[in-house]
Amino acid sequence: MPRRALSPTAVLAAIVVAGAALRFATLSTQSFWLDEAIAINSARLDVGGMLDSLARTEGNPPFYFLLLDGWMRVFGDSEAAVRSLSALFGTATIVVAFEIGRRLATARVGLVLAALVAFNPLLVWFSQEARPYALLVLLSGLSFLFFARALERPSARLLAGWAVASGLAFATHYFAGLLILPEAAWLVYKLRPRRPV
């Protein structure tokens, strides 16, 4: 009797579960290191104090730190609780990577890309730190996904999705501009109204 192939959804679910296990399993095995402690301290301040602290210590925009403050209010400030926010972002990035690969090529390519993201040591590391990098990767992936879809079939909804994802990525880390500015230039070039010669 021939074996039935697993559906892409089942394979993706297995990849996401494995990627989540890698990210969540060891969140509390190490104490906070200096940069995490600075991030946690900044997140605990009121908005004015946070902005002042970030200007002196981080040089990063405040979006991640605002989210971290709300997260700690709900889940506490243990190592596992604080780092689980980044682990959640890192796990969500696996699904975004699948969708990018599926959209640009095939479901099989999407699964390969999802596996590369799930098991990439650097991305696992980012997902286990109380730092903005996992959120930056997630939002940059969403920005790129909306960008690719808007190039295929431009619509106000897709362009708004791109603008929101890009804006939030830039509000997370200024390095997002390295992705957003070329995307914006390409969208303007490809989607500008064309006048007859």
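# Notebook: helix packing in a predicted model

**Entry 1. Overall make-up.** I counted the secondary-structure elements and found 10 helices and zero strands in the protein. I note at the outset that the model is a predicted one. Reading from the N terminus, I recorded the order of elements as α-α-α-α-α-α-α-α-α-α.

**Entry 2. Extent and surface.** I looked up the span of the C-alpha trace along its principal axes and noted about 65 × 55 × 25 Å. The accessible surface of the protein is about 11,000 Å². Carbon and sulfur atoms hold 68% of that surface. I then asked what share of the residues is buried. The protein has 197 residues, and 41% of them count as buried.

**Entry 3. Helices H8 and H9.** I turned to helix H8, residues 133-152, and its packing against H9. Their axes cross at roughly 160° and come within 8 Å. Since an angle over 145 degrees counts as roughly antiparallel, H8 and H9 are therefore roughly antiparallel to each other. The crossing of H8 past H9 is left-handed. I listed the residues that make the contact: H8 contributes, among others, Leu 136, Leu 139, Phe 146 and Phe 147, while the residues of H9 include Leu 158, Leu 159, Trp 162 and Ala 165. Arg 149 of H8 and Arg 157 of H9 also take part. By class, I recorded 12 nonpolar, four polar and two charged residues in the contact of H8 with H9.

**Entry 4. Helices H9 and H10.** Next I examined H9, residues 156-170, against H10, residues 177-191. How far apart are the axes of H9 and H10? I noted 10 Å, with a packing angle of about 160°. H9 and H10 are therefore roughly antiparallel to each other. H9 passes H10 in a crossing that is left-handed. On the H9 side I found Leu 159, Trp 162, Ser 166, Ala 169 and Phe 170 in contact. On the H10 side I found Gly 177, Ile 180, Glu 183, Ala 184, Leu 187 and Leu 191. The residues of the contact of H9 with H10 comprise eight nonpolar, two polar and one charged.

How values were computed: Residues numbered from 1 in each chain as written. Predicted model: local features only at pLDDT ≥ 70, side-chain atom pairs only at ≥ 80, totals over all residues. Heavy atoms only, no water. Axes fitted to C-alpha atoms, helices over the stretch in contact; angles between N-to-C directions. Helix = DSSP H or I, 4+ residues; strand = E, 2+ residues; numbered from the N terminus. Parallel < 35°, antiparallel > 145°, perpendicular 65-115°, else oblique. Left-handed = near helix turned anticlockwise from the far one by under 90°. Contact = heavy atoms within 4.5 Å. Nonpolar A, V, L, I, M, F, W, Y, C, P; charged D, E, K, R; others polar. Buried < 20%, exposed > 50% of the residue type's maximum accessible area, 1.4 Å probe, protein only. Areas by Shrake-Rupley, 256 points an atom, 1.4 Å probe, with all protein chains shown as cover.
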